[in-house]
Amino acid sequence: MSCNPSFGGIGKGHLMREVDALDGLCGRICDVAGVHYKVLNRSKGPAVWGLRAQIDRRRYRDGVQKEILSTPLLTVREASVEDLLLTEPETNHPGKCQVTGVVLGDGSTVSAGSVILTTGTFLRGVILMGLETHPAGRLGDQPAVWLAQTLEKLGFTVGRLKTGTPPRLAKDTINFSGLEERVPDNPPVPFSFLSKAVWIKPEDQLLCYLTHTNLKAQQIVLDNLHLNDHVRETNEGPPVRMWPHLRLLKAYCPSFESKVLRFPNREHQVWLEPEGLESDVIYPQGLSMTLPPELQEQVIRSIRGLEKARILQPGYGVQYDFLDPRQLTASLESRLVQRLFFAGQINGTTGYEEAAAQGVIAGINACLRVQGKPPFIVSRTEGYVGVLIDDLTTLGTTEPYRMFTSRVEFRMSLRPDNADARLTHRGFEEAGCVSQQRYEQAVQMRAALEDGIATLKSLQFSISKWSHLVPEVPISSNRRSPLSAFDILRYPEANMEILARAIPEPLRKLAEWRELSERLKIEAAYEWCVVNQQQEIEEVRRDEALRLPEDIDYFAIDASLSAEVREKLNSSRPQTIGAVSRIPGVTPAAIINLLRFVKAEKLKAFPQTGKHSSGKMYLKKATSQTPISSEISEEELGSTFVKTPL
C-alpha cells in the first residue's frame with residue numbers, strides 16, 4: 001500500500017467484492033488487517049452502498065506476503081524489469097510481434113508464455129516537490145525508463161498523468177479534541193464472502209477525525225503557485241524536463257492546490273486517518289500537496305487541530321507514463337504485442353481497487369492464453385469490472401480513471417451483495433481461478449436464496465391478516481390481496497426477524513442465517529427493479545453478441561462511413577457492435593452501415609444453407625454471455641444497436 005491506508009469506498013467497494021468473488025486476495029486480507037470498517041452511502045439503497053476500511057499497513061503487507069509466498073507452484077523473484085523478449089507473431093492473432101519473456105536489471109532473462117505489466121507510477125516516473133524534481137516512481141524507488149522506451153518504440157500511444165500524496169503527520173503532535181469523530185460500524189461488514197466476521201472486535205476499532213482547511217491555508221497556496229510546477233503544468237505548458245518530447249496531459253489532480261484553484265474561498269475536508277494499530281503515523285486524506293516542505297508545514301499548521309503537528313514525510317507529486325487503453329482488447333491483451341497484458345495505472349486508472357480488478361482479469365486471461373482457451377470477458381451487464389474495462393478499452397481516458405456507481409447502467413442488478421452469484425460460478429467453470437471451497441459456498445448460497453424466495457412467496461395472506469401478524473409494518477390498503485411474505489419483506493420496516501416471529505415455521509431457519517436473511521431482504525427490495533432492467537440488459541447482451549472481426553481495416557472497407565468515424569473506429573478497435581454504440585461521435589447511421597457491411601461479409605464467408613435463411617444473420621456469441629442467436633432483418637436495422645444506455 002504505497003499511498004493511502006484504506007480500501008473500498010463508493011463504487012470501489014463493488015470492485016472489491018467482485019475481485020473477491022473471483023478469488024482475488026485483497027478482500028480477504030483487508031478482513032484480517034482493517035482497523036476501522038465503515039459502509040458508506042447507508043442513507044441510500046444497498047445497490048450503491050460502499051464498503052470501506054482503514055487498513056493497518058503492516059498487517060496488510062504481512063498478510064499478502066504470507067499468502068503469496070505460500071501459494072503452491074508460484075515462484076517469487078524480486079528484480080526490476082528493464083525490457084521485453086520478443087519474437088515473430090502468431091499468424092492467427094493480430095499483432096506485430098509476440099512477447100516471450102522479460103529482461104531483468106542484472107541482464108538475466110525470464111521466459112514466459114504470457115507477460116502482464118503492472119507498472120504503477122514507475123514508467124518514466126518523476127517526483128516533484130516544489131520546483132525540485134528527480135526520477136522516481138515512488139519516494140526512494142527508481143523509475144522504469146528502459147521499459148518505457150521499449151513500449152514507445154513498439155508503437156504504443158503514450159501519455160502522461162499525474163498524481164500526488166499528502167504529508168504524513170506524527171499522531172502525538174495532533175490535537176484531536178474538538179474535531180469531529182468518525183465512528184466505525186458495529187458490527188463491521190467484511191469484504192470477503194468467505195469471512196463470517198472481521199478479525200478485530202468492534203470496540204477495538206480506531207477512530208477517524210474530520211477537520212477542514214481555511215482561507216489562511218488557501219492564501220499560502222495562492223501566494224506560492226510560482227513554486228509549484230506540478231499544478232501549473234498542462235499539455236499546453238512546458239514539457240517534462242527529463243524527457244522533453246513528452247508533455248503532461250491536462251488532467252484534474254485532486255491536490256489541495258488544485259482544489260484551491262478549482263473551488264476558491266471554500267473550506268475543504270481533511271480526514272485524519274490512522275495507518276495502523278501500533279503506528280504513530282496519521283494520513284491526512286484530502287491534503288495532497290507538492291509545495292516545498294517549509295510551505296507544506298505552514299499549510300498544515302494553519303488547520304484546526306494541526307497547529308503543532310509535525311510532518312514525518314512531506315507530500316509530493318508524481319508524473320508518469322501511461323498507455324492508451326484503447327490499444328487493448330477486453331481481455332486486457334495488447335493489440336500490438338501478442339501475449340502482453342496490461343493492468344493498473346499503466347492503463348490510466350487510479351486506486352488500489354481499480355488495479356486489483358484489472359489484475360485479476362489480466363491474470364486469468366494471461367493463463368487462458370497460454371492454455372489456448374477462449375478469453376474470460378466480463379461484460380458491463382455482469383459487473384463493475386466489466387464497466388471499468390469496457391470504458392477503458394472503448395473510450396480511453398485523458399485523466400486518472402476512478403470507478404463511480406454513476407458509470408454503471410445496471411446498478412440495481414450489479415450490487416455488492418450478489419457479486420458471488422454473478423461471477424463465482426463463471427470463475428470456477430470458465431477461468432479455473434476459484435477454489436472448490438468458495439465455489440461450494442456460492443452454490444449453497446444460491447440454492448438457499450432460491451429456496452428462501454420460493455418459501456416466502458408461498459406464504460400468502462390477506463392484507464388484514466398481515467396487519468394482524470406484523471402490526472409494525474404499515475401495509476398499504478391499496479395493495480392487491482393476497483400478499484406474500486416476500487411482498488411484505490419489501491417494506492422498509494420489515495425484515496426476516498419480524499416475519500419469523502409472526503410465522504416461526506418455516507421462516508425461523510431463514511432468519512437465523514444472518515447473511516441469508518440480509519440477502520433475502522435486498523432481493524425483495526430490488527426484485528421489480530431488476531425485472532424491469534432485464535429487457536435493457538438483454539438488449540445490451542444482444543449487441544455484445546455481435547462480434548466484429550479482429551483484423552477489420554476500417555480505412556479500407558467498402559462501407560458508407562465518414563473519415564472521422566473511420567478514425568474513431570480504428571483508434572478504439574471495438575470488438576462488438578455494442579461497443580461501437582458507446583463510442584462518442586459514432587452516429588446511429590454509421591452503426592447501421594457498419595452492421596450491413598459485416599453482415600454481408602459474414603454471409604460471403606458462410607454461404608446460405610438450410611440453417612442460414614435469407615435476410616437473417618447468425619453471429620458468433622460473446623464468450624462472456626449465455627448463447628444468443630441474433631436474427632437481424634433489414635427492417636430492424638433502424639431500431640437496433642443504438643439502445644445501449646449510458
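This is a predicted model: local features need pLDDT of at least 70, side-chain atom pairs count only at pLDDT 80 or more; totals for chains, interfaces and linings use all residues.
Helix H5 spans residues 215-223, and its buried residues are Ala-217, Gln-218, Ile-220 and Val-221. Viewed down the axis of H5, these buried residues fall within an arc of 160 degrees, so they line one face of the helix. An α-helix has 3.6 residues a turn, so residues three or four places apart point the same way.

On the other side of H5, Leu-215 and Lys-216 are exposed. The N-terminal end of H5 is capped by Asn-214, which places a side-chain oxygen 3.1 Å from the backbone nitrogen of Lys-216.

## Nonpolar cores

The largest nonpolar core contains 71 residues, of which Phe-7, Tyr-60, Leu-151, Leu-340 and Phe-342 touch the most other members. Helix H9 (residues 352-371) supplies the largest share of this core, with eight residues. Apart from this core lies another, of 28 residues, which includes Ile-463, Val-473, Ala-494 and Ala-524.

Which residues does Tyr-60 touch, not counting residues up to four places away in sequence? With that exclusion, the contacts of Tyr-60 are Met-1, Phe-7, Cys-26, Ile-29, Cys-30, Ala-33 and Ile-55. Phe-7, one of these contacts, is also named with Tyr-60 among the residues that touch the most other members of the largest core.

## Salt bridges

The structure holds 40 salt bridges. One of them joins the side chains of Asp-62 and Arg-58, at 3.6 Å from N to O. Both residues belong to helix H3 (residues 57-69) and are four residues apart, about one turn of the helix. Asp-62 counts as partly exposed because its relative accessibility is 36%, and Arg-58 is likewise partly exposed, with a relative accessible area of 40%.

A further salt bridge is formed by Glu-275 and Arg-168, whose closest N and O atoms are 3.4 Å apart. Glu-275 lies in the loop between strand S14 (269-274) and strand S15 (281-285), while Arg-168 lies in strand S11 (residues 168-170), so the pair ties together parts that are 107 residues apart in sequence. Both Glu-275 and Arg-168 are buried.

## The Arg-380 and Asp-390 pair

Arg-380 and Asp-390 form a salt bridge in which the closest N and O atoms are 2.5 Å apart. Arg-380 is located in the loop between H9 and helix H10 (384-395), and Asp-390 in helix H10, ten residues apart. Arg-380 and Asp-390 are both buried.

## Arg-438 and a salt-bridge network

Salt bridges that share partners join Asp-20, Asp-23, Arg-28, Glu-67 and Arg-438 into one network. Within this group, Arg-438 is found in helix H12 (residues 436-458). Is Arg-438 buried or exposed? Arg-438 counts as buried because its relative accessibility is 3%, below the 20% cut-off for that class.

Residues up to four places away in sequence aside, Arg-438 touches Asp-20, Ala-21, Asp-23, Arg-28, Ser-192, Phe-193, Leu-194 and Thr-424.

Key:
Residues are numbered from 1 along each chain as its sequence is written. Side-chain values use heavy atoms; hydrogens and water are left out. Helices (H or I, at least four residues) and strands (E, at least two) are DSSP runs, numbered from the N terminus. Buried means under 20% relative accessible area, exposed over 50%, partly exposed in between (1.4 Å probe, protein chains only). Contact means heavy atoms within 4.5 Å. A nonpolar core is a set of buried Ala, Val, Leu, Ile, Met, Phe, Trp, Tyr and Cys residues joined through side-chain atoms within 4.5 Å. The arc is that of the directions from the helix axis to the C-beta atoms. A polar contact is a pair of N or O atoms within 3.5 Å; within protein, one must be able to donate a hydrogen and the other to accept it, and residues adjacent in sequence count only if both atoms are side-chain atoms. A salt bridge is a side-chain nitrogen of Lys or Arg within 4 Å of a carboxyl oxygen of Asp or Glu.
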